[in-house]
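Student: I've got a chain on my screen and would like to walk through its fold. Can you take my questions one by one?

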Amino acid sequence: KRPAGAPDKSLARKISGVGIVGAGLMASQLAMLFVKQLKVPVILTDIDQERIDKGVGYVHDEIDKLLAKGRLSPDGANRLKALVTGSLDKAAFAKTDFVIEAVFENMDVKKKVFAELEEHISPETVLATNTSSLSITEMAADLEHPERVVGFHFFNPVAVLPLLEVIKGEQTDDETLATAFATAKALKKSAVLCADLPGFVFNRLLTRALGEVMNAVDEGTPFDVADNAITELGMPMTPLALLALVGPAVALHTGETLHAAYPERFKPSPGLQAIVEARKTGVWTWTDQGQVIDPEVAALW
Ligand code: 3HC
């Protein structure tokens, strides 16, 4: 069944090479997913060779884990590893048909990345962004070919979670959108078409849930009581455990984007701001004694 809003799949272009910009937490997981499911060359880039090597190393380690679980043969694992390479030079992206960026959540940085890529890639190469909350229309606006830009927002851990938000910018054309949906299907993800609005869909829900837990703490409820209230509904993780998975800086950035767009609905959390400034990974910390509230974070509140 064609997902709601997806154009005819006959418009989709074939993908025989993928580029990943960034080699951090999300980008390296994306490299693993694309190589495993599409089995085409995947090239990663980042701002220095050390980051690139770390990203490629992550993919190799994940392939080794599948090998150890018996889900890949030794030959299959070697073939996949050989498909993943890294390069500091964006000229190496010349043969890609689908590039996704997962760099720092900043509009100017992302615009610059796309503008640089345009100097090296074909006008038909799709430029996808894994942004959590920034405008796809604005990100594409200054490009020579804004019609090839599309939002392609994955969820951590990428290997496990099926949801994929596909976001159409004002100028995104049907070929790009059809290619995005066909790629999502090949990646075995459940793609949904979202409007190009701050936070799309999932991050509005997550930001609200995190915000309300923090408000409850601000108003005097103990951390563990506020955070555990939702687990009996069958959520796999509490909101504050999810904060550690997503990363406080990303959560704060999304919250700020949503606050700027909807000041009445999304209030910045002073507690979250304090966690980011203190460079903490979250409220909970995982020790030999299990999951405990970080005393330094508790003192910051
Ligand atoms: N990479 C690859 N595989 C992973 C993984 C990872 N990082 N984490 C877990 N897995 C796999 C395991 O290998 C295991 O696979 P197997 O059963 O085939 O061997 C399977 O997932 C289950 O793992 P575990 O038994 O270790 O763990 P749990 O059953 O406790 O599940 C969880 C862990 C999948 C993280 C689960 O707790 C969960 O789904 N949590 C919610 C995560 C969530 O909501 N993420 C969204 C974040 S928002 C976001 O990313 C958007 C951004 O814009 C902010």
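Tutor: Strand 5 (residues 126-129) and strand 6 (residues 149-153) pair over three bridges, in the parallel sense. Strands here are DSSP runs (E, at least two residues), helices are runs of H or I with at least four, and both are numbered from the N terminus. Two strands count as paired if DSSP finds at least two bridges between them. This is a predicted model, where local features need pLDDT of at least 70, side-chain atom pairs count only at pLDDT 80 or more, and totals for chains, interfaces and linings use all residues. Residues are numbered from 1 along each chain as its sequence is written.

Student: Which residue stands opposite Ala128?

Tutor: Look across to strand 6. Strands of a sheet pair through backbone hydrogen bonds, either parallel or antiparallel. The residue opposite Ala128 is Val150.

Student: In what order do the eight strands of the open sheet lie?

Tutor: The pairing in this sheet is mixed. Its edge strands, each pairing on one side only, are strand 3 (84-86) and strand 8 (190-194). The order is 3-2-1-4-5-6-7-8.

Student: What handedness does the crossover from strand 7 to strand 8 have?

Tutor: Strand 7 (residues 163-168) runs parallel to strand 8, with five bridges joining them. Between them the chain passes through helix 6 (residues 174-186). With the strands pointing away from you, a clockwise path from the first strand over the helix to the second counts as right-handed. This β-α-β crossover is right-handed.

Student: How are helix 2 and helix 3 oriented to each other, roughly parallel or roughly antiparallel?

Tutor: Their axes come within 10 Å and cross at roughly 165 degrees. Axes are lines fitted to C-alpha atoms, for helices over the stretch in contact, and angles run from 0 to 180 degrees between N-to-C directions. Under 35 degrees counts as roughly parallel, over 145 as roughly antiparallel, 65 to 115 as roughly perpendicular and the rest as oblique. So helix 2 and helix 3 are roughly antiparallel.

Student: Which residues in helix 3 meet helix 2?

Tutor: From helix 2, the partners are His60, Ile63, Asp64 and Leu67. Contact here means C-beta atoms, placed from the backbone, within 7 Å. In helix 3 they meet Pro74, Ala77, Leu80 and Lys81.

Note on methods:
Contact = placed C-beta atoms within 7 Å.
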